[in-house]
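User: I am new to this structure. Can you show me how to read its main features?

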Amino acid sequence: MRTIEWRNGAVFTLDQTKLPLETVTLEITTIDQMAEAIRSLRIRGAPLLGAAAAFALALKAYHAQAASSTALLSELEHTAKVIRSTRPTAVNLFWAVDRILSKAQDFSGNIDALKAFVVQEAQRIADEDAEANRAIGKNGAELIKDGDVVLTHCNAGELATVEYGTALGVIRAAVGQGKKIKVIATETRPLLQGARLTAYELKRDGIPVTLITDNMVGYVMHKGLVDCVVVGADRIVQDAVFNKIGTFTVAVLAKEHDVPFYVAAPKSTFDLQHKAADIVIEERNPLEVTSFGGRQVAANGVSVLNPAFDATPLKYVSAIICESRVYSKKDFAKFKTKDAM
Ligand code: MRU
């Protein structure tokens with residue numbers, strides 16, 4: 001099922017803040033609506049953010065009143081600025097905006113042709129993500145053995161992508177090969193993407209899933225209940241993988257217990273120009289930490305840290321699965337060189 005769709009000048013997607021209790025479809029027709037949906041995590045997950053950013057430019061092009069290609073380009077640049085300011089960490093959002101803008105700048109047709117081109121390019125980005133996830137699933141399934149219990153953190157499923165999922169794509173593909181797989185999903189405080197989205201997707205698809213709170217990861221690994229970890233990524237740099245806060249803790253625990261730690265992500269998530277120290281980690285509203293289920297749980301005025309992501313150094317990562325291949329530990333050194341990909 002497609003998580004995001006373009007139909008006649010509008011973007012249709014689910015409001016992920018309402019799942020799993022309500023299924024509410026958003027119809028987005030303006031840049032402000034798209035920026036709000038991204039900031040509030042109605043739309044979330046790195047590859048889906050890439051597609052949403054691309055469709056924001058498509059919305060601008062489709063509805064533009066601009067009289068010339070030059071005027072349209074400057075409106076697209078303004079839209080790009082708005083979208084870039086929504087969330088700083090997932091690189092897919094920046095990658096999609098940059099890809100469309102640079103192609104639009106090189107485009108030589110008239111304004112109507114440019115409008116159509118931007119819409120088509122956004123659609124191509126979405127289609128490519130759907131295709132990449134199937135390939136990631138196929139490559140990653142080779143690492144999963146029949147009978148494995150796979151632990152995953154946050155939601156790197158269909159809902160975080162255009163279709164199928166990255167980490168959950170690997171699990172889906174392994175199940176598709178007839179392997180009996182069970183999943184342990186962490187709830188993923190503070191916004192509960194694991195409890196609300198991963199557990200929902202897997203349950204819906206009939207894949208056995210057990211939900212745990214984040215602080216149970218050490219317990220399940222120590223008990224020998226986990227055969228491997230598969231997570232997604234928001235940005236892969238020369239020396240680390242950025243993913244939902246808590247991923248680093250899971251990775252350290254996995255290393256301590258000799259549990260393989262796999263990352264599944266499309267090439268649009270790779271940012272090998274940068275090192276971990278260069279990357280801005282989104283800091284979110286303290287209310288997400290001081291409250292639970294909409295109810296205040298901490299004393300008034302307590303000081304809070306609320307980073308949305310952390311960086312897992314590559315020494316904790318066993319392999320990175322992308323659409324073209326699986327990068328094993330010995331390949332990671334090449335991430336610092338230009339010919340890595
Ligand atoms: O804050 P979110 O929900 O956008 O964070 C999402 C994650 O951290 C996912 O694990 C990541 O984007 C990979 S999704 C295929």
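Analyst: Start with contacts. Contact means heavy atoms within 4.5 Å. The model here is a predicted one. In its protein chain, take the contacts with a separation of 6 or more: residues 24 or more positions apart account for 74% of them.

User: How many helices and strands does the protein chain have?

Analyst: DSSP runs define both kinds of element. The protein chain has 10 helices and 15 strands. Its radius of gyration is 20 Å, close to the 20 Å that the globule rule gives for 341 residues, so the chain is as compact as a globular protein of that length.

User: What box do the C-alpha atoms fill?

Analyst: Taken along the principal axes, the box is roughly 65 × 50 × 40 Å.

User: Into which domains is the protein chain divided?

Analyst: Domain 1 covers 4-134, and domain 2 covers 142-336. Their C-alpha centres lie 25 Å apart. The two domains also touch: 28 residues of domain 1 are in contact with 32 residues of domain 2.

User: Now the sheet. In what order do its 7 strands run?

Analyst: Two strands pair if DSSP finds at least two bridges between them. Here the order is β6-β5-β4-β7-β10-β14-β15. The sheet is open, and its pairing is mixed. β6 (209-212) and β15 (326-328) are the edge strands, each pairing on one side only. Neighbouring strands are turned by 25 degrees against each other on average, direction ignored.

User: In which sense do strands β4 and β5 pair, parallel or antiparallel?

Analyst: Parallel. Strand β4 (residues 149-152) and strand β5 (residues 182-186) share 4 bridges. Find Val 150: it stands opposite Val 183 in β5.

User: How much of the protein chain is buried?

Analyst: Buried means under 20% relative accessible area. By that cut-off, 55% of the 341 residues count as buried. The accessible surface of the protein chain comes to about 14800 Å². Carbon and sulfur atoms hold 53% of that surface.

User: Take one residue. Is Asp 331 buried or exposed?

Analyst: Asp 331 has a relative accessible area of 5%, so it is buried. Look for it in the segment after β15.

User: Which residues does Asp 331 touch?

Analyst: Leave out residues up to four places away in sequence. Asp 331 then touches Arg 325 and Val 326. Strand β15 spans 326-328, so follow that edge strand to find Val 326.

Methods. Residues numbered from 1 in each chain as written. Predicted model: local features only at pLDDT ≥ 70, side-chain atom pairs only at ≥ 80, totals over all residues. Heavy atoms only, no water. Helix = DSSP H or I, 4+ residues; strand = E, 2+ residues; numbered from the N terminus. Axes fitted to C-alpha atoms, helices over the stretch in contact; angles between N-to-C directions. Rg over C-alpha atoms; globule rule 2.2 N^0.38 Å. Buried < 20%, exposed > 50% of the residue type's maximum accessible area, 1.4 Å probe, protein only. Areas by Shrake-Rupley, 256 points an atom, 1.4 Å probe, with all protein chains shown as cover. Domains from an automatic or database assignment.
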